[in-house]
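Morning, everyone. Let me put the model up, and then I'll walk through it.

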Amino acid sequence: STVNIIHGLAKKKRVEIEMELGQILPLTCAMSRINQVVMNLLSNAIDACREGGKVKVRTYEDGDEICIAVSDNGAGIDTRVIHRIFDPFFTTKPQGEGTGLGLSISHGIVLDHGGKIDVLSVPGEGSTFTVRLPKGRT
């Protein structure tokens with residue numbers, strides 16, 4: 001449902017969204033808050049892509065965790081600043097584009113659910129953000 005909401009932004013920028021939704025167990029969570037996290041990750045991924053870029057959303061189980069991975073083939077994150085991406089008000093976007101709060105808020109939501117966000121980024125090749133939420137958490 002979150003992809004449907006953000007699809008207009010992707011279409012406007014001519015970015016393809018590919019979905020690979022694996023079989024996962026139902027998860028007890030604040031669904032609207034997790035949707036907010038996914039929407040933020042998708043929006044950032046689309047922004048990172050050039051016209052004609054690609055964003056991929058995957059869901060899968062990894063041991064005791066439910067995972068949601070959002071990947072892009074955009075510019076990647078500079079290694080000099082990647083350690084700051086979850087800091088409030090930090091942004092790599094041009095001035096006037098973004099508040100620097102999206103990843104910070106998303107990080108807090110995931111932590112509130114007992115999970116974590118991992119990021120793997122290769123400058124010039126893209127980034128993957130993986131949200132890991134524990135199974136069976138209430």
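I'll take the first helix, then the sheet, then the core, and finish with one serine.

Some ground rules. This is a predicted model, where local features need pLDDT of at least 70, side-chain atom pairs count only at pLDDT 80 or more, and totals for chains, interfaces and linings use all residues. Residues are numbered from 1 along each chain as its sequence is written, and side-chain values use heavy atoms, with hydrogens and water left out. Helices (H or I, at least four residues) and strands (E, at least two) are DSSP runs, numbered from the N terminus.

Start with helix H1, residues 2–13. It has 12 residues and spans 17 Å from first C-alpha to last. Which residues of H1 are buried? Thr-2, Val-3, Ile-6 and Ala-10. Buried means under 20% relative accessible area, exposed over 50%, and partly exposed in between, with a 1.4 Å probe and protein chains only. Looking down the axis of H1, the buried residues fall within an arc of 80 degrees, so they line one face of the helix. That arc is taken from the directions from the helix axis to the C-beta atoms. The face turned away from the buried side carries exposed Asn-4, Ile-5, Lys-11 and Lys-12. Strand E1 (16–21), helix H2 (31–48) and E2 are among the elements covering the buried residues of H1. After H1 comes Arg-14, with a positive phi near 60 degrees.

Now the sheet. Two strands pair if DSSP finds at least two bridges between them. E1 and E2 run parallel, over six bridges. Met-19 has Val-57 in E2 as its bridge partner. Val-57 in turn is partnered by Val-70 in E3. E1, H2 and E2 form a left-handed β-α-β unit. For reference, right-handed would mean that, with the strands pointing away from the viewer, the path from the first strand over the helix to the second runs clockwise.

Next, E2 (residues 54–62) and E3. They are antiparallel, with eight bridges. Arg-58 sits opposite Ala-69 in E3. The hairpin of E2 and E3 has two residues between the strands, and Gly-63 there takes a positive phi near 65 degrees. E3 also pairs antiparallel with E5 (residues 126–134), again through eight bridges. There, Ile-66 faces Leu-133 in E5. How covered is strand E3, residues 65–72? Mostly: six of its eight residues are buried.

On to the core. A nonpolar core is a set of buried Ala, Val, Leu, Ile, Met, Phe, Trp, Tyr and Cys residues joined through side-chain atoms within 4.5 Å. The largest one has 28 residues, and Leu-42, Val-55, Phe-129 and Val-131 touch the most other members. H1, H2, E2, E3, H3 and E5 each supply at least two residues. H2 gives the most, seven. Take Leu-42. Leaving aside neighbours within four places in sequence, Leu-42 contacts (heavy atoms within 4.5 Å) Thr-2, Val-3, Ile-6, Val-55, Val-57 and Val-70.

Last, the serine. Ser-104 lies in helix H3, residues 102–112. Ser-104 is buried, at 17% relative accessible area. Beyond neighbours within four places in sequence, Ser-104 is in contact with Phe-86, Asp-87 and Pro-88.

Methods:
The expected span of a helix is 1.5 Å times one less than its number of residues.
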